[in-house]
Amino acid sequence: MFEDRLPQVIDPDAPIFTVSVAASLAGMHPQTLRGYDRMGLVVPRRAKGRGRRYSPRDISRLRLIQQLSQEEGINLNGIRRIIDMQDELDQMQRKLDQMAELMARMTEVQEEAQRVFLAGPGGEVDYSRYRRPPRPRAIEM
């Protein structure tokens with residue numbers, strides 16, 4: 001009944017979690033999230049009442065910060081650098097994907113421009129991609 005009204009896919013950038021829920025999901029204290037916000041490591045969106053709202057992507061980033069600091073022993077400046085480099089890499093990947101899509105469309109347009117059509121003796125049109133060699137004509141006697 002309610003399943004029909006729930007979204008099938010959650011937008012990874014949708015600001016849906018409060019500080020307490022985000023902290024619980026990330027395994028951190030809410031005050032830690034506020035500190036990361038002040039430092040610019042994870043900057044959540046603000047609700048109308050100015051309360052912080054975290055997205056699923058923010059939660060993933062918080063978990064990454066937690067892993068890098070506690071399991072890898074990286075300090076917050078190092079984590080900031082890693083996150084900045086990851087953001088840059090993600091941006092480059094998006095641009096690369098856009099360029100690949102553009103190249104595919106350009107190739108398609110070029111192929112369309114190279115298409116020829118042939119008209120048969122009866123006036124029928126053949127939209128062949130490539131020109132076919134003419135058929136040998138029957139010798140009339």
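Predicted model: local features only at pLDDT ≥ 70, side-chain atom pairs only at ≥ 80, totals over all residues.
**Entry 1, the pocket.** I started with the second largest pocket and looked up its volume, which comes to about 370 Å³. Its lining counts 13 residues. Nearest the centre I found Arg57, Arg61, Gln86, Asp87 and Asp90. I then sorted the lining by class and got 6 charged, 5 nonpolar and 2 polar residues.

Which helices should I open next to see the lining? H3 (56-71) and H4 (76-114) each give at least two residues to the second largest pocket. I also checked the domains: domain 1 (1-74) and domain 2 (76-140) both contribute to this lining, so the pocket lies between them.

Next I turned to the largest nonpolar core, which holds 16 residues. Leu33, Tyr54, Leu62 and Ile65 have the most contacts inside it. Two or more of its residues come from each of helix H1 (19-26), helix H2 (30-39), H3 and H4. A friendly reminder to myself: in soluble globular proteins, nonpolar side chains tend to be buried together.

H3 had come up for both the pocket lining and the core, and I gave it its own entry. I listed its buried residues as Asp58, Ile59, Leu62, Ile65, Gln66 and Leu68. Last, I looked past the helix: Gly73 follows H3 and has a positive phi, near 75 degrees.

Notes: Residues numbered from 1 in each chain as written. Heavy atoms only, no water. 1 Å grid on protein atoms, 1.4 Å probe; cavity = no way out; pocket = protein on both sides within 12 Å on 5 of 7 lines; lining within 4 Å. Points joined across faces, edges and corners; volume = space filled by probe spheres on them. Helix = DSSP H or I, 4+ residues; strand = E, 2+ residues; numbered from the N terminus. Nonpolar A, V, L, I, M, F, W, Y, C, P; charged D, E, K, R; others polar. Domains from an automatic or database assignment. Core = buried A, V, L, I, M, F, W, Y, C linked by side-chain atoms within 4.5 Å. Buried < 20%, exposed > 50% of the residue type's maximum accessible area, 1.4 Å probe, protein only.
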